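Welcome! Please take a look at the structure below, and then read on for a short tour of its ligands and helices.

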Amino acid sequence: MKLVSKNFDVPDSHKLAVCEQNGGYTRIRKALEMEPQTIIDEVIAANLRGLGGAGFPAGRKWSFLPKDNPKPRYLVVNADEGEPGTCKDKYIMTNDPHLLLEGIMIASWAINSHTCFIYIRGEYVKQAKILEAAIAEAKAAGYLGDKMFGKDFPLEVVVHRGAGAYICGEETSLLNSLEGKRGWPRLKPPFPAVEGYLACPTIVNNVETISYVPWVIELGGEKFASLGSERNGGMRLYSVSGCVKKPGVYELPLGTNLKDIIFEHAGGLFEGRRLKAVIPGGSSSPVLTPDEIDLPMDFDSLAAAGSMLGSAGIIVLDDTINLVEALAVLARFYAHESCGQCTPCREGTGWMRKILDRIVAEGGRSVDPANLERIAKNIIGNSICPLGEAASLPVIGFAAKFPEEFAEYVARGETAKPSTTAVAAVI
Amino acid sequence: MPTLTIDNQEIKVPAGTRVIEAAKLLGIEIPHYCYHPALSIAGSCRMCLVEIEKFPKLAIACHTVATDGMIVHTNSDKAEHARTSMLEFLLANHPLDCPVCDQAGECKLQQYYMTVGRHNSALLDNKIKKTKARVLGPHVILDSERCILCSRCVRFTAEISKSHELGIFNRGDHSELLNYPGKALDNPYSGNVVDICPVGALTDRDFRFKVRVWYLDSKPSICHGCARGCNIRVDYLRRRFHHNDGKRIARFKPRHNPDVNGHWICDAGRYSYKQLENEDRLLTPQVDGTPGGWDSVLAGAAKAFAGHVSEFGVNSIALITSASLSNEEMFTAQELFGNGLKMEKIAWRIPPGPENKDDDLLIRADKNANSFAAEKIFTSTSRAKDVEEVLAKTEAGKIKAWIVLDADLGPAFGDERIAKAAESLRFSWYLGSYRNATSQACRFVLPSTVFTEKEGTVTNFAGRVQHFPAVVSPLGGALPLLEIFAKLAGRLELPTVETNPARVYQSLGQSFEHFAQPIYAAPTAKAAPTSKVS
Ligand SMILES: Cc1cc2nc3c(=O)[nH]c(=O)nc-3n(C[C@H](O)[C@H](O)[C@H](O)COP(=O)(O)O)c2cc1C
Ligand code: SF4
Ligand code: SF4
Ligand code: FES
């Protein structure tokens with residue numbers, strides 16, 4: 001069964017006519033006959049979770065919009081897709097932009113918003129062009145613009161390209177960037193639903209989340225919910241990368257077993273290789289050992305296993321991969337992408353990068369693993385936005401689960417260099 | 001009015017109060033860097049993390065609003081650990097160059113390291129190199145490596161001076177506070193960023209490398225730069241004058257007063273301390289440019305006065321006074337010359353030049369410290385309030401003598417005009433602090449002290465009476481104006497003049513309702529504490 005990816009393989013699926021031949025824009029017509037509140041209730045019943053990473057129930061988020069605020073409301077679609085290991089939103093925007101637009105129309109009608117911004121990752125030049133073309137087509141057809149399908153409900157959709165910062169995927173940073181300010185996350189509260197774009201009530205949702213909305217309307221909330229697992233409604237796109245035979249984006253029910261995703265859908269490992277580790281939900285999610293991957297891929301099960309479903313970007317690492325080097329790559333990424341606003345993340349990510357770079361280059365010191373873990377723990381819970389945590393969890397996970405890989409580096413470093421206590425004394 | 005508990009003490013606070021302010025009311029200082037009560041909340045340094053019961057994680061006290069029943073622990077193990085960790089992070093890339101840093105001794109990094117840090121360095125890697133010694137503008141210099149990126153200075157230039165010169169550039173641990181390309185930190189309030197910078201990143205080009213702050217003493221004072229009367233702190237040396245180019249006064253700092261200047265002062269006021277001990281100070285009495293002792297010069301001055309009065313009458317003499325004298329000095333001058341000697345021409349009004357304008361923060365067009373009191377005190381008897389009028393009458397030959405009280409007329413009327421007008425005078429006294437065209441045009445020069453060398457009160461444009469103590473002793477042979485008045489009165493055989501400012505103020509209050517409120521501390525009361533810059 002396929003929902004969001006149903007038309008991915010249809011030639012010219014990004015064109016309005018092709019999309020309409022394949023069921024496009026039928027759900028919005030149905031939705032416009034429904035009361036906005038009824039739509040929100042269906043989305044709640046569907047257990048549609050936010051698929052950008054945090055898994056917050058979409059319907060509940062929509063109900064947080066203040067009822068008595070006279071300011072305009074905005075819908076912002078998060079198409080920044082920066083999480084390493086994740087490429088699902090790109091597939092949607094490339095292959096079925098009208099599905100996203102249909103979702104935007106339904107959501108806008110449901111929350112009574114007349115302006116939607118799609119904040120798209122700067123590197124997605126092609127996708128931005130496809131979206132622009134799709135919007136033009138929809139406008140020409142009278143689906144968007146002053147009237148939506150003849151209804152007195154104006155809706156403008158604006159594509160806004162980011163400039164290449166991972167942090168601008170964080171919703172409040174995104175809003176600052178959209179306003180033309182520096183992409184620094186905001187303090188919360190207030191949350192965007194109360195004070196978002198230009199301090200007006202704003203709903204920020206991921207591309208994939210919004211793209212499932214038409215399917216909630218088509219199937220009905222209850223049916224949609226039943227496709228997934230408990231409290232995790234429907235399906236989602238799993239991006240599988242790394243050491244597997246068939247890397248790619250797979251649409252499967254929420255709760256599909258991780259082992260099955262890797263070994264059945266993604267074709268399993270290359271011949272003669274042994275599984276070493278799996279990062280289950282984008283680079284920020286704590287790593288799993290081969291013993292830990294027999295579990296259903298939904299938000300709650302992964303949280304129970306001490307990891308996160310996150311963006312469902314599954315990164316498979318086999319025995320050809322040096323985990324300390326892999327961790328150093330991640331540390332470099334987060335240190336480079338930390339916005340630098342708050343102390344623990346700014347200083348901590350940079351410090352962890354320095355240590356890991358040094359370990360890789362010249363071997364470690366006996367104090368390094370414990371110090372890495374200590375730095376990571378001092379970041380967690382103390383930063384403004386979750387990037388600090390995202391940078392720390394992998395370090396803690398790798399150090400705790402694969403101590404022997406670090407021990408090798410430490411042994412190498414300690415024999416080659418004077419003892420750390422002597423160095424520390426000099427410093 | 002929510003009631004919350006902080007470290008086992010209950011307190012009721014107005015709705016909307018942040019936890020950090022609620023704690024302050026209880027006398028608890030929660031360590032902080034980015035928070036400043038006069039700026040928007042950044043919440044970025046994370047130094048103010050506290051534990052709040054029922055919260056899933058630590059919360060920042062500067063942003064969290066106090067709610068009813070909230071239970072806050074500022075010193076729990078978790079809060080303390082977080083604080084030490086934040087400090088460790090802040091120091092990780094800090095150059096630790098305290099021995100050559102001007103902020104040493106008043107640095108929040110040093111202070112919190114000693115109170116809540118005291119960790120050992122775990123650093124084995126190199127620190128990040130950043131911009132050193134970049135001149136940002138006329139008054140401020142930046143050492144980016146010392147910057148902790150609290151953004152206070154950025155917010156100051158965005159929200160208070162509204163001049164937008166500073167920003168934070170780059171990301172992660174390469175983030176750097178800098179001025180925008182091509183834009184100098186050059187606004188009338190630029191020096192304030194040095195005060196609010198919690199570390200030694202922004203230092204004062206003027207104060208730099210002059211003196212270590214632990215050799216400084218402080219006294220509260222009132223800036224005499226304009227009619228605002230900003231509350232200041234005078235930092236001065238009591239010994240080791242060789243540290244400060246031989247000067248005693250090292251700097252002015254703003255002193256918080258929500259009703260007058262908030263947390264700020266303008267640059268003109270801040271650097272006005274420089275003239276207090278400059279080479280233009282008058283340090284010895286003089287007759288016709290020749291220095292003499294107090295006794296002989298006073299005797300000559302009194303003789304000239306008496307001779308003149310008997311020949312031309314007192315109405316041929318004009319008293320020209322600065323509108324920056326203290327309330328006490330103005331009142332004594334009025335008693336002595338106006339009521340006592342019955343002089344009718346007392347002039348103090350000089351309209352501000354076109355370059356002087358009120359702005360919407362502190363600066364007043366009126367560059368006098370005490371015009372308000374001059375209007376109150378001299379108006380009753382004076383018949384020639386405008387200096388222009390006195391000048392014209394001098395030029396017309398109607399006024400034949402001047403007694404000038406610390407007023408430099410050159411800037412408003414031109415040095416040449418003053419010199420020319422003075423040529424026709426039969427006699428002239430100059431009682432003042434600085435050598436200038438007016439003092440040089442006068443025959444008898446009696447050196448008086450500047451405001452940091454005398455006690456008194458001044459009244460700002462809004463009528464607020466503010467006290468300032470003598471910070472340092474008189475320079476050279478200068479004397480406080482009240483004492484010079486007393487000496488002159490003695491020579492002229494007039495009734496004794498009171499020289500104690502507190503007692504003069506009492507008499508002033510009896511004559512003028514506006515000054516009836518007590519200002520001077522009762523003799524036994526302790527001096528008001530000097531508030532530090534927050
Ligand atoms: C550092 C960081 C980066 C993020 N990047 C993205 C992103 O690229 N795309 C995205 O949809 N959400 C991203 N998020 C999550 C958003 O903040 C937000 O939760 C999400 O857009 C909400 O949409 P959803 O509820 O539909 O998931 C990021 C969060 C963080 C902390
Ligand atoms: S946690 Fe990192 S990315 Fe987030 S605000 Fe702090 S410095 Fe910026
Ligand atoms: S220069 Fe000072 S005030 Fe400005 S951000 Fe750096 S530490 Fe803060
Ligand atoms: S003082 Fe609260 S975060 Fe800086």
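A residue counts as near a molecule if one of its heavy atoms lies within 4 Å of it. This is a predicted model, in which local features need pLDDT of at least 70, side-chain atom pairs count only at pLDDT 80 or more, and totals for chains, interfaces and linings use all residues. Residues are numbered from 1 along each chain as its sequence is written, and side-chain values use heavy atoms, with hydrogens and water left out.

**Around the ligands**

- Ligand 2 is surrounded by 13 residues, and the closest are A:Cys339, A:Cys342, A:Cys345, A:Ser383 and A:Cys385.
- The shell of ligand 2 has eight nonpolar, five polar and no charged residues (Ala, Val, Leu, Ile, Met, Phe, Trp, Tyr, Cys and Pro count as nonpolar, Asp, Glu, Lys and Arg as charged, and the others, Gly among them, as polar).
- Ligand 3 also has 13 residues around it, with B:Cys147, B:Cys150, B:Ser151, B:Cys153 and B:Cys197 the closest.
- In the shell of ligand 3, eleven residues are nonpolar, one is polar and one is charged.

- The buried residues of H7(A) (under 20% relative accessible area, with a 1.4 Å probe and protein chains only) are A:Gln127, A:Ala128, A:Ile130, A:Leu131, A:Ala134, A:Ile135 and A:Ala138.
- These residues lie on the same side of H7(A), because they cover an arc of only 160° around the axis, taken from the directions from the helix axis to the C-beta atoms.
- Exposed residues (over 50%) on the face turned away from the buried side of H7(A) are A:Lys126, A:Lys129 and A:Ala140.

Key: Chains are lettered from A and ligands numbered from 1 in the order in which they are written. Helices (H or I, at least four residues) and strands (E, at least two) are DSSP runs, numbered from the N terminus.
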